[in-house]
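Reader: Can you walk me through this one? I would like to start with the helices.

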Amino acid sequence: MKSWFADGAAGAPRLELADPAARRVLGRETLLVLALSLGASAVSSFISFTGALTRPGGLNAQAANLNSSFAPDRPWLDLAWQLFGIATALVPVLLVGHLLRREPTGVPAASGLGALGFDLRRPGFDLSRGVLVAAGIGGSGLLLYLGARAAGANLTVVPESLPEVWWKLPVLVLAAVENSVVEEVIVLGYLLRRLDQLGWSPLAALGASSVLRGSYHLYQGIGGFVGNLAMGVIFVWLYRRWGRVGPLVAAHALIDIVAFVGYALLAGEVGWLPTA
């Protein structure tokens, strides 16, 4: 038997599986997907933060580099590595789409990533909501970062340190889109769907998704963890309300594009923007 819990008329339905065997399969699957993607990133981030915390000097005297060069003196080779990294980072998203089409018996047939609202059925809705969310979160996130760094609780985040080559800005935009797709499809849409099916309460699922989001940003410092945890809570609430990850992918992409490209254009030009 299956039980549905709706979070609102327009919200995403919550499906809990009663079959213990099916739940064990989905539980193992979820752990494996996270181990191949953002769960591994969370462990790596914790190790990185531990190293920064135990290194002499304050956190704000250290830097967290997000988009760096792989071959600074060989631009075409560097570009190849950049595109390779972006493409391979998206493989877990393709895996999630494949797994959603092959859910165990007892789960209504899912249309791949469309089951999470990651498709082109409502582009206007996704983009308009995404712009509003990005506008609301982007500015507050920047203020939180600046405050945390000033308090010594955050590393200096360097969004990009690429050489001045023709492909710099396009690659930064692609990297921002890749980040948003991977994070929102996996830690928002996929993880919440699986936790619902495993019988987790809405509050527990919200906590797990939000803490995971904060954890893989811990390499930035306490401010990065807290800010992304809060963003996770907001995104889970909006996903439950809208039933689509599309608007949140758009919002996340816009926030990162502004951060990456804005830093590339403003670093060293304005006094309020910290640089390494």
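Author: At 1.5 Å a residue, the 21 residues of H8 should span 30 Å, and the end C-alpha atoms of H8 are 30 Å apart, which agrees. The expected span is 1.5 Å times one less than the number of residues, and helices are DSSP runs (H or I, at least four residues), numbered from the N terminus. This is a predicted model: local features need pLDDT of at least 70, side-chain atom pairs count only at pLDDT 80 or more, and totals for chains, interfaces and linings use all residues. Residues are numbered from 1 along each chain as its sequence is written, and side-chain values use heavy atoms, with hydrogens and water left out.

Reader: What follows H8?

Author: Gly243, with a positive phi near 70°.

Reader: Now H2. Which of its residues are buried?

Author: Leu38, Gly39, Ala42, Ser45, Phe49 and Ala52. Buried means under 20% relative accessible area, exposed over 50%, partly exposed in between (1.4 Å probe, protein chains only). Seen down the axis of H2, these buried residues fall within an arc of 135°, so they line one face of the helix. The arc is taken from the directions from the helix axis to the C-beta atoms.

Reader: What do they pack against?

Author: Helices H1 (20–35), H6 (168–197), H7 (202–215) and H8 (222–242), where contact means heavy atoms within 4.5 Å.

Reader: And which exposed residues sit on the face turned away?

Author: Val43 and Ile47.

Reader: Different topic. Where is Trp272?

Author: Trp272 lies in the segment after helix H9 (246–266). Its relative accessibility is 47%, so Trp272 counts as partly exposed.

Definitions and conventions: Helices (H or I, at least four residues) and strands (E, at least two) are DSSP runs, numbered from the N terminus.
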